[in-house]
Amino acid sequence: MRALTWHGHHDVRVDTVPDPEIINPRDAIIKVTATAICGSDLHLYDGVIPGMMPGDILGHEFMGEVVETGPKSPLEKGQKVVVPFTISCGSCYFCQKQQYSACDNSNPVDAQDLSEPLYGHAMSGLFGYSHLTGGYAGGQAEYVRVPFSDVGPIVVPDHVEDEKVLFLSDILPTGWMAAENADIEPGDTVAVWGCGPVGLFAIQSALLMGAEQVIGIDHHPHRLELARSLGAKIIDFSRTHVGEALMEMSGGIGPDAVIDAVGMEAHGFAPDNVIEVVKQKVGVAADRGHALREALITCRKGGRVSVPGVYGGFLDKFPLGAMMQKGLQLRTGQTHVQKYTKPLLEKILNGEIDTTFLISHRLPLEQGPEGYKNFHDNQNEWTKVVLRPE
């Protein structure tokens, strides 16, 4: 089959690779009908996530048709399914608590040996996202093996267009959980750093949860306009001092909740960020924390901080003093996707949530390398890329 594979810094190729096979009774094989390039895939593209190996198949946002099942899979051939990016067993301590991204059984032992020095414990397995998360082949391919297919995939109606439900695989639940982690209350002011796909879904979710004022912060004009179209107020950080603007927009108090939807490759012109850009490029640091620091500093006293943005290593100059002195609450983590797929599918089907507004480009799988390059280099116009293997 054909698949997008990683070969190093800014080197994504279309390769012919072996077809996936059933290796466990709970497996299923999915023929991919739609897959997407995620903003977190760009961290792989930039080479800042450890544990990648040449030839690894990329992609963790995908859906398709069931074409083969193991004897213990409840799926049936011909069903249309969306697959969560988190691989979870469904029965361990963490899965029983619906903390699916902390699954104890889906990440092999050798991967845990890689991740424990960084994180103290292994996360769950993830599709197409390094050997820190199990080294599983991703879904930017014609076919993919889905482990624990009795736990992850959600069957969706045949008549629903792929693009309406594709983002149940990751970014819609991620944006929703980000807003949920912010404990939004009616009347709240919520500030969201980053108007990429996750940030936009966090904005949409925060408004649905009753926030009175949601403020999107970015510097790409088109992405800011998308935020405005959802009902958010906007701040262009390249033209406006973010802290001063947020204080003015919140009556001098600061936002009740802040969401960092940017993560480890934050943009910004502050000296701290310039230094971290250099450190990242020479390989002595993994993360640029400008957006997170700004969010913590500007949040009101007693406020809530939600971090869906991906971080991969040790962050310099974390303002722990400000967090403690202000009494801030911080919640973060990979998304427990399986917890949210069913209720969010219902919101899509009844028209409460639109997921297609952010798709800017649709390409065949063979043009995936072009999609990666443009999504990386022109983030103003390339807001979301959907790939079709057929």
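E366 is partly exposed, with a relative accessibility of 45% (partly exposed lies between buried, under 20% relative accessible area, and exposed, over 50%, with a 1.4 Å probe and protein chains only). This is a predicted model, in which local features need pLDDT of at least 70 and side-chain atom pairs count only at pLDDT 80 or more, while totals for chains, interfaces and linings use all residues. Residues are numbered from 1 along each chain as its sequence is written, and side-chain values use heavy atoms, with hydrogens and water left out.

E366 forms a salt bridge with R2, the closest N and O atoms being 3.1 Å apart (a side-chain nitrogen of Lys or Arg within 4 Å of a carboxyl oxygen of Asp or Glu). R2 lies in strand β1 (residues 2–6) and E366 in the loop between β17 (361–364) and α13, so the pair ties together parts that are 364 residues apart in sequence. Helices (H or I, at least four residues) and strands (E, at least two) are DSSP runs numbered from the N terminus. R2 is also partly exposed, at 28% relative accessible area.

## Other salt bridges

The structure holds 16 salt bridges. One of them joins the side chains of R13 and D11 at 2.8 Å, N to O. R13 is partly exposed at 38% relative accessibility, and D11 is partly exposed at 22%.

K373 pairs with D377 in a salt bridge whose closest N and O atoms are 2.9 Å apart. The two residues, K373 and D377, are four apart in helix α13, and therefore about one helical turn separates them. Salt bridges with shared partners also join K80, D162 and R388 into one network.

## F375 in helix α13

Helix α13 (residues 368–377) also contains F375. F375 is buried, with 2% relative accessible area. Between F375 and L42 the C-alpha to C-alpha distance is 8.3 Å, although 333 residues separate them in sequence.

## Nonpolar surface patch

F318, L320 and L330 form a nonpolar patch on the surface, with about 250 Å² of accessible area together. Such patches consist of residues with over 30% relative accessible area and no salt bridge; nonpolar side chains (Val, Leu, Ile, Met, Phe, Trp, Tyr) are joined within 5 Å, and like charges within 9 Å. Accessible areas come from the Shrake-Rupley method with a 1.4 Å probe, and for residues only the protein chains shown count as cover. L320 is placed in helix α11 (residues 320–326) and is exposed, at 54% relative accessibility.
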